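Read the fold piece by piece, with the viewer open.

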Amino acid sequence: MEEAGEADGPAPLPGRFWNWAFGLHGLGGRLGCIVVSSHSDPGEQGYFLLSTLVELTAAAVSLAVRRPARHDPADELSRLRSERDTALQQLDTVRSELHFQTTVHESLAHVAALGGGEDAIAQALYELTGLPSLIEDRFGNLRSWSGPGRPDPYPVRSASDQEEMLRRVAREAGPVKVRDRLIVLAQPRGDLLGVLALEDPEATANEHTMFALDHALRSLAQELLRVRELTAVELRLRRQLMDDLLEGADDTDAYTRAEALGHDLRRPHYVVVVHWPGNAADDSCTRAVERAMATAAIRPLITRRGDRVVVLSEARPNEPAVHAALAQELGTPEGAIGVSTRSVSPSDIHRCYLEALRALEVRQNSRQRSGTTFFDDLGLYRILGPGNDLRELQFFVREWLGRLIDYDAEHNTELVETLSRYFDCGGNYDDAAAALTVHRSTLRYRLQRIREISDHDLADVDTRLNLQVATRVWKIILGGRC
């Protein structure tokens with residue numbers, strides 16, 4: 001005792017791995033000590049129990065020292081038994097409390113080790129407390145429910161009621177009872193990310209319930225923060241990939257990066273450019289476009305370019321449906337959408353982006369400025385704008401004359417030349433036949449074959465115009481080659 005002094009510490013006892021002297025402290029100072037030895041370290045839990053036992057023993061010794069001697073042995077024995085029973089009850093309470101706390105720690109640690117998300121946390125809290133548990137986002141939308149009594153449909157509070165409830169809970173240091181619910185807020189780093197609650201209509205919550213709720217809240221806050229950070233990283237990576245694709249990306253690199261983000265660029269895609277006046281600088285426009293363009297299983301790649309939102313989607317947008325959905329969400333139908341033709345590879349997306357911009361430009365300069373325009377519906381307008389190069393002219397010619405060009409190459413015929421001379425002669429059969437030095441019936445036969453092979457109606461005014469421009473470009477600019 002002289003060597004140990006007032007502090008607890010190791011005791012030099014041979015033959016044992018662990019030896020510790022616990023001091024018995026009373027009102028009169030140090031009364032003695034209890035030396036415990038063991039073949040192994042008792043660990044944190046064992047040390048806690050030993051410390052509790054020592055404190056109870058010290059209290060009993062201190063009381064015995066101060067209590068005057070009793071002359072009645074029976075009374076003294078009864079008193080000692082009563083004090084012993086009280087100490088044992090206190091020890092049982094401490095042991096039970098420690099067991100529950102250990103169970104809570106192990107349950108939530110198990111959830112974290114298995115990578116469990118919000119559903120697993122809610123389920124663990126329900127199993128620990130016996131009360132239905134739920135998780136909402138900050139707007140009051142249900143994210144997870146575990147236990148009986150889930151309402152269907154789930155009631156949604158008004159924005160004002162939700163904000164008032166959040167302010168009320170935030171003012172308190174711990175759980176707050178709101179009607180039949182015990183509510184806490186998950187707000188790591190001061191940012192409100194979600195709400196954790198227990199359904200407790202009978203007001204049965206006790207200290208154990210509060211302990212479990214507090215630890216479940218810590219796990220939920222970490223999970224929501226992790227999800228938010230991952231979402232931010234994924235969003236940044238998706239936008240970087242989208243920007244690179246629009247500028248012209250290498251196929252191999254694009255495939256690898258897209259696969260890491262869960263997107264298959266080996267499928268054909270469409271580029272969609274959206275411009276909604278009044279919402280150009282508002283992220284709500286980007287979110288609205290993403291919701292309108294998303295399918296049940298595929299999330300589109302999306303980015304912003306100035307005052308426009310650019311989307312890469314596997315599905316060709318439904319013309320009236322997408323525009324109507326955006327008009328409803330953004331509060332005005334005065335918006336325009338340009339859609340490209342289908343891309344065949346990541347390196348082809350840059351061309352599709354220019355097509356979508358061209359389609360949007362034509363729509364915004366037309367009489368009806370709001371709506372959706374598809375590049376493959378532009379016809380002659382595809383090559384009547386600034387920035388068009390030889391490649392675009394080749395695409396235009398291939399679209400309108402490609403089948404005829406391939407047929408001529410394979411069968412050594414002159415259907416494209418026949419069509420060109422026919423248009424040059426203003427559609428006059430006699431003049432065209434003379435220019436081609438063929439009989440009139442031969443010209444009729446060739447024109448009929450042109451209709452069959454190209455699947456174009458030569459009687460349609462717009463079709464005739466596009467075909468005539470295509471033959472001129474093919475003959476004059478491309479030199480009869482494409």
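Over how many bridges do strand β2 and β3 pair? Strand β2 (residues 18–26) and β3 are joined by nine bridges, in the antiparallel sense. Before going on, note that this is a predicted model, in which local features need pLDDT of at least 70, side-chain atom pairs count only at pLDDT 80 or more, and totals for chains, interfaces and linings use all residues. Residues are numbered from 1 along each chain as its sequence is written, and side-chain values use heavy atoms, with hydrogens and water left out.

Some terms come up throughout. Helices (H or I, at least four residues) and strands (E, at least two) are DSSP runs, numbered from the N terminus. Two strands pair if DSSP finds at least two bridges between them. Strands of a sheet pair through backbone hydrogen bonds, either parallel or antiparallel.

Back to β2 and β3. They belong to an open sheet of three strands, ordered β1-β2-β3, with antiparallel pairing. The edges are β1 (9–10) and β3 (29–38), and each pairs on one side only. Asn 19 stands opposite Ser 37 in β3. Helix α1 (residues 43–66) packs on this sheet and touches β2 and β3. Contact here means heavy atoms within 4.5 Å. The direction of α1 makes about 35 degrees with that of β2. Axes are lines fitted to C-alpha atoms, for helices over the stretch in contact, and angles run from 0 to 180 degrees between N-to-C directions.

Strand β7 (residues 181–186) runs antiparallel to β6, and three bridges join them. Val 178 has Arg 181 in β7 as its bridge partner.

Strands β10 (residues 301–305) and β11 (residues 308–313) pair in the antiparallel sense over five bridges. Thr 303 has Val 310 in β11 as its bridge partner. Two residues lie between the strands, and Gly 306 takes a positive phi near 65 degrees.

Now the helix pairs. The axes of α2 (residues 73–113) and α5 (residues 207–247) come within 10 Å and cross at roughly 25 degrees. That makes α2 roughly parallel to α5. On this scale, angles under 35 degrees count as roughly parallel, over 145 as roughly antiparallel, 65 to 115 as roughly perpendicular and the rest as oblique. The crossing of α2 and α5 is right-handed. A crossing is left-handed if the near helix is turned anticlockwise from the far one by less than a right angle, and right-handed if clockwise. Residues of α2 in the contact include Phe 100 and Val 104, while those of α5 include Phe 211 and Ala 212. By class, the contact of α2 with α5 has six nonpolar, five polar and one charged residues. Ala, Val, Leu, Ile, Met, Phe, Trp, Tyr, Cys and Pro count as nonpolar, Asp, Glu, Lys and Arg as charged, and the others, Gly among them, as polar.

How do α11 and α13 lie to each other, parallel or perpendicular? The axes of α11 (residues 415–424) and α13 come within 10 Å and cross at roughly 110 degrees. The two helices are therefore roughly perpendicular. Their crossing is left-handed. Leu 415, Thr 418, Leu 419 and Tyr 422 in α11 meet Leu 443, Arg 446, Leu 447, Ile 450 and Ile 453 in α13. This contact has seven nonpolar, one polar and one charged residues.

Finally, look at some loops. A cis peptide bond joins Asp 152 and Pro 153, with omega about 5 degrees. Pro 153 sits in the loop between β5 and α4 (159–170). Ala 203, in the loop between β8 and α5, has a positive phi of about 55 degrees although it is not a glycine. Ser 345 lies in the loop between β12 (336–343) and α9 (349–364). Leaving aside neighbours within four places in sequence, Ser 345 is in contact with Asp 251 and Tyr 255.
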